[in-house]
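Please find below a note for a colleague who is meeting this structure for the first time. The points are numbered so that each can be checked against the model.

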Amino acid sequence: MSGTGYEGRNNVPHITSEQLLIRGGRVINDDQSVYADVSVENGVIKQVGENLTVPEGVRVIEANGRMVIPGGIDVNTCFQKPYLSTVPVDDFFQGTKAAVAGGTTMIIDHVTPQPGDSLLEAFERWQEVADKRVCCDYSLHVDIPQWHNGVKEELELLVQEKGVNSFQVHMAYKDLLQMTDSQLYEAFLALKEMGAVVLVHAENGDLVAQEQSKILGMGITGPEGHPLSRPEELESEAVFRAITLGNRVNCPIYITKVMSKSAADIVTQARRKGSVVFGEPITASLVTDGSHYWSKNWAKAAAYVTSPPLSPDPTTPDYLHSLLACGDLQVVGSAHCAYSTSQKAIGKDNFTLIPEGTNGVEERMGFVWDKAVAMGKMDENQFVAVTSTNAAKIFNLYPRKGRIAVGSDADIVIWDPDKIKTITAKMQQSAVEYNIFEGMECRGGPVLVLSQGRIVYEEGKLHVQPGTGRFIPRKPFPDSIYQRIKIRDKMMGKQGVSRGIYDGPVYDVPATPKYITPAPSAKTSPTSHQPPPIRNLHQSNFSLSGAQIDDNVPRRSGHRIVAPPGGRSNITSLG
Amino acid sequence: MSYQGKKNIPKITSDRLLIKGGRIVNDDQSFHADIYMEDGLIKQIGDNLIVPGGVKIIEANGKMVIPGGIDIHTHFQMPYRGTTTVDDFGQGSKAALAGGTTMFVDHVVPEPGSSLLEAFEHWREWAEEKACCDYSLHVDITHWNDSVKQEVESLIKEKGVNSFQVYLAYKDLYQMSNSELYEIFTFLGEQGAIAQVHAENGEIIAQEQARMLEMGITGPEGHVLSRPEELEAEAVFRAITIASQTNCPLYVTRVMSKSAADIISQARKKGNVVFGEPITASLGTDGTHYWSKNWAKAASFVTSPPLSPDPTTPDYLNTLLASGDLNVTGSAHCTFSVAQKAIGKDDFTQIPEGVNGVEERMSLIWDKAVVTGKMDENMFVAVTSTNAAKILNLYPRKGRIAVGSDSDLVIWDPDSVRTVTAKTHHSAAEYNVFEGLELRGAPMLVICQGKIVFEDGNLHATSGTGRFIPCSPFPDFAYKRVKARKQLALLRAVPRGMYDGPVAEFSPMSRGGTPSASARTSPTKTAPVRNLHQSGFSLAGTQNLNLSHLPGGRRIVVPPGGRSNITSLS
């Protein structure tokens with residue numbers, strides 16, 4: 001059941017033949033582009049090279065010099081995330097269909113247990129549903145709704161036996177999912193020791209809660225209250241705090257949903273200082289902005305509600321693309337979590353109740369091409385890196401996924417850089433009525449998509465069946481992250497200073513039983529109701545056992561000084 | 001409280017003074033002029049003044065005459081676990097005067113749970129009895145509830161306090177949660193007060209301290225190891241975020257590290273109203289001494305946030321001070337004897353925190369910033385005196401040499417050189433954290449309340465002559481911008497028709513607490529089986545929807561008679 005076998009455990013009859021040849025394409029990996037043929041057998045790439053020959057009867061796809069790229073990996077989807085007992089309209093089948101139609105051949109979905117639920121049970125529930133429904137390979141992140149000691153055992157089990165190496169924690173959603181800094185510290189420490197990747201939903205939940213009640217109090221109940229109560233400063237504050245915590249315990253941090261320029265800047269600066277941190281902008285933040293929250297059409301405005309919210313600053317998408325192109329941000333997700341208008345309408349009188357989530361799994365790759373590659377910000381190799389390879393490396397799927405190489409899974413896309421499509425909800429695979437990219441023109445898209453060596457999308461037509469995708473287990477300690485962490489761990493051993501024991505006088509302190517943790521404090525237990533002791537600066541009943549350079553300095557009297565027995569001090573002299 | 005102070009203490013020196021031939025240095029300009037003072041006030045400034053007879057004349061011989069320094073951060077006579085700091089208000093203010101500082105602002109630190117007003121009165125009493133120069137008080141908010149709120153209000157309205165410090169550190173003791181900080185800042189912003197923060201992440205510190213002790217590190221080096229500068233920067237960042245949300249001016253006390261200072265300058269560049277206060281210790285020394293083999297010496301450097309072990313820090317902070325990114329300097333003077341520090345001899349978390357610096361503050365900045373050419377003399381006056389007066393709303397009474405201002409001024413000798421040592425300093429502490437440092441620049445003569453209190457190395461100060469100077473709220477320096485922003489910050493809802501489309505059925509939330517926006521609640525234990533090709537759902541109006549994808553098996557509530565005109569695709 002755990003599905004740790006490389007070949008997967010689903011033996012679904014294959015639709016197309018086991019062998020395939022892509023001829024005359026330009027193979028694009030994250031490091032180079034070469035003209036080569038690619039032959040595929042049993043779902044795995046057999047050969048990459050020039051003039052490959054295949055037996056008679058094998059289907060040959062003529063690429064005619066078009067780009068052949070590794071299938072996209074969407075690291076952030078929520079196809080099964082319940083909200084007040086309703087589930088998203090795009091389930092694992094609908095969602096993966098949309099993914100495939102956009103050139104994405106693997107998704108990593110979030111398991112979202114409720115506080116109090118068993119993580120393991122939730123994981124199994126998700127896996128069970130997904131196994132029956134997905135039409136491309138998938139993996140699962142597990143969200144940690146609460147931190148306590150029992151969770152740790154479950155996490156270990158998930159890491160060791162279930163093939164999960166990434167867990168999300170929340171700094172927002174007060175009184176529900178939010179963790180305190182101490183809990184985050186402990187969680188980071190534990191996850192790092194297991195070799196897991198820590199995903200952080202970064203927003204300051206305390207302040208969000210305050211702002212929400214303030215804004216509701218002002219009579220603002222519509223979707224515009226959502227960005228007003230979650231300004232981007234709260235996002236960048238939390239990102240900063242998460243990185244600080246990560247640095248303290250030497251734990252890699254992955255920021256999910258980078259939505260604003262300021263949050264992206266924090267990630268960038270931290271990387272400059274050497275922090276092991278990764279940032280994931282999503283389709284929505286890369287393409288559209290938060291001005292739509294002010295739409296007069298409630299349903300349209302509500303469709304954009306996601307957290308952190310889209311920034312109302314219209315220059316944000318461009319900025320995030322530039323950072324993706326230069327490598328300061330690494331991975332593009334979609335955070336696809338689609339709710340219908342009637343589901344969104346749960347919050348029609350109160351924006352805090354609007355279920356959060358936008359679409360984007362299908363549009364992800366096309367828009368990165370359109371906004372970054374077609375604009376000359378990014379080259380095709382970096383395009384492959386941010387849509388597929390980097391994700392595979394961070395989540396330890398590389399080189400099985402994220403690369404066209406001998407032995408890798410045959411998840412391949414033939415990409416047409418000139419295909420132009422106008423996005424409209426009616427034509428997209430997602431079941432949402434409102435597509436947040438409605439009416440936008442997108443240049444670049446897949447012509448043909450192979451998943452596990454089978455053609456699942458060709459010339460605008462899907463050939464998918466639910467349940468054909470496999471669960472891909474992921475091992476802990478991905479090299480691309482943990483190499484540095486391991487070395488730093490070795491370097492970071494701290495040592496105390498070896499000194500003689502202090503044997504000078506010690507002030508006698510009355511016991512202060514009020515401490516819970518021994519917090520260092522410059523000020524405690526002032527005797528606030530007594531007048532201060534009268535001091536005579538010229539009289540001292542105090543002497544150090546050795547001659548001191550400061551013997552002539554006036555000292556306070558009237559307090560008992562505990563001198564250690566027989567102690568001539570040689571370590572307290574000035575020096 | 002009258003402008004003139006309420007005490008009529010017999011004057012020791014003549015109350016009529018004339019400084020001849022000095023060069024007056026204010027924060028905006030320097031010019032040659034004589035100054036005539038009477039009754040503790042500056043009466044005339046100019047050339048060839050006509051003054052009554054019998055006036056004591058001081059020849060300045062072209063030397064600089066600057067406004068007396070204001071040390072905006074001290075802890076004199078602070079109670080600590082049954083004892084008090086070794087420098088009381090008398091000793092401390094004498095050290096201040098000897099360094100050219102003629103006013104200090106002390107922190108009232110009420111015991112958590114006790115009355116702020118009572119604590120304030122205690123501090124007033126103690127200071128009244130001993131202070132040798134004028135003073136004001138900050139009050140620290142160590143816990144938060146409605147009665148504290150009322151006390152804060154009466155402190156602002158009746159007691160002359162306009163600045164309050166809150167703590168982001170000291171877990172389970174003084175530390176405030178983000179929500180409390182939000183409430184406090186909102187309140188202080190409405191009342192016109194300045195929110196001061198002690199910025200360090202207390203939660204992480206508590207974790208790190210436990211880890212250090214577990215590793216067997218118990219000496220003073222554990223202090224700095226458990227409080228790395230990142231935690232300071234993090235808390236500064238968070239405090240700025242909260243202050244900006246609540247539109248409250250923020251003042252960061254004790255900027256100790258480059259990264260914290262960077263956060264402040266970045267925030268200022270983004271338009272936040274935030275002020276940073278480096279202290280004498282962070283401007284003059286660094287944290288390498290925590291590793292000293294001499295326990296007592298290492299312990300004398302223990303303060304929070306700790307001195308940064310990065311030796312380039314002082315230089316960096318002086319540069320930011322010169323460029324105006326940091327605004328004021330304090331000393332955070334809080335001195336404990338070695339025996340008091342030794343409370344923590346086996347556990348660094350128990351070492352009482354605090355360093356000296358009230359006496360060295362002005363000389364040190366002169367030496368590190370003006371002598372090195374980073375800063376000019378006018379900026380020197382700004383960061384040691386004028387800016388503090390503006391933040392406290394005491395300007396131009398304090399912080400400026402002008403007609404009508406208090407006659408607190410200093411004749412400054414830019415070339416005098418002295419070596420700092422505990423043997424000769426005016427503090428009662430056995431260790432001086434600047435021991436051995438050679439400082440260029442020192443006061444030659446200090447006039448406080450119109451009297452000569454320090455001349456050629458000799459103090460003529462009298463305990464109990466200091467007056468409490470009440471500070472009024474809404475200082476222009478901070479609040480002009482804040483007020484303007486308040487008018488702009490009004491949020492408006494979008495006027496829309498009522499949403500009258502279908503609403504999905506959902507189970508209401510059962511959890512308590514604030515209605516936080518939540519994306520996930522009440523799971524259905526087993527995921528429902530869904531049939532994507534069947535829909536038991538119809539909309540009342542014609543909708544531009546692709547119905548085939550809507551989930552079936554779910555009751556949709558259609559409002560009666562509702563043709564929706566606001567849910568169509570636009």
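1. A residue is called buried when its relative accessible area is under 20%, exposed when it is over 50%, and partly exposed in between, with a 1.4 Å probe and protein chains only. By this rule B:Ile452, at a relative accessible area of 6%, is buried. B:Ile452 belongs to strand 17 (residues 451-455) of chain B; helices (H or I, at least four residues) and strands (E, at least two) are DSSP runs numbered from the N terminus. Between the C-alpha atoms of B:Ile452 and B:Thr421, which are 31 residues apart along the chain, there are 25 Å.

2. On the basis of the note: this is a predicted model, in which local features need pLDDT of at least 70 and side-chain atom pairs count only at pLDDT 80 or more, while totals for chains, interfaces and linings use all residues. Residues are numbered from 1 along each chain as its sequence is written, chains are lettered from A and ligands numbered from 1 in the order in which they are written, and side-chain values use heavy atoms, with hydrogens and water left out.

3. UniProt, in an unreviewed entry, places the feature "domain: Amidohydrolase-related" at residues 68-456 of chain A and, again in an unreviewed entry, at residues 64-453 of chain B. UniProt positions are given in the numbering used here, feature names are shortened, and annotations may be inferred rather than shown by experiment. Residues 68-456 of chain A are 39% helix and 18% strand, with the end C-alpha atoms 15 Å apart. For residues 64-453 of chain B the values are 39% helix and 19% strand, and the end C-alpha atoms are 18 Å apart.

4. Over all chains, the whole structure holds 32 aromatic pairs. Rings of Phe, Tyr and Trp (its six-membered ring) pair if their centres lie within 6.5 Å; planes under 30 degrees apart count as stacked, over 60 as edge-to-face and the rest as tilted. B:Tyr80 and B:Phe336 are edge-to-face, because their ring centres are 5.4 Å apart and their planes stand at 65 degrees. B:Tyr80 is in strand 7 (residues 79-80) of chain B and B:Phe336 in the loop between helix 11 (313-323) and helix 12 (338-341) of that chain, so the pair ties together parts 256 residues apart in sequence. Both partners are buried: B:Tyr80 has a relative accessible area of 1%, and B:Phe336 has 5%.

5. Another edge-to-face pair is formed by B:Trp366 and B:Phe380, at 4.9 Å centre to centre and 85 degrees between the planes. Here helix 13 (residues 361-370) of chain B supplies B:Trp366 and helix 14 (residues 377-391) of chain B supplies B:Phe380, so the pair ties together parts 14 residues apart in sequence. B:Phe380 is buried at 0%, and B:Trp366 is buried at 5% relative accessibility.

6. Which residue has its charged end over the ring of A:Tyr398? It is A:Lys393, 5.0 Å from the ring centre; a charge sits over a ring if NZ of Lys or CZ of Arg is within 6 Å of the ring centre and within 35 degrees of the ring normal. A:Pro399 lies in the loop between helix 14 (380-394) and strand 13 (412-422) of chain A. In chain B, the peptide bond from B:Tyr395 to B:Pro396 is cis, with omega near 0 degrees.

7. A:Glu459 has a positive phi of about 50 degrees and is in the loop between strand 15 (454-458) and strand 16 (461-462) of chain A. A:Glu459 is exposed, with a relative accessible area of 59%. B:Arg81, with a positive phi of about 45 degrees, lies in the loop between strand 7 and strand 8 (83-84) of chain B and is buried at 8% relative accessibility.
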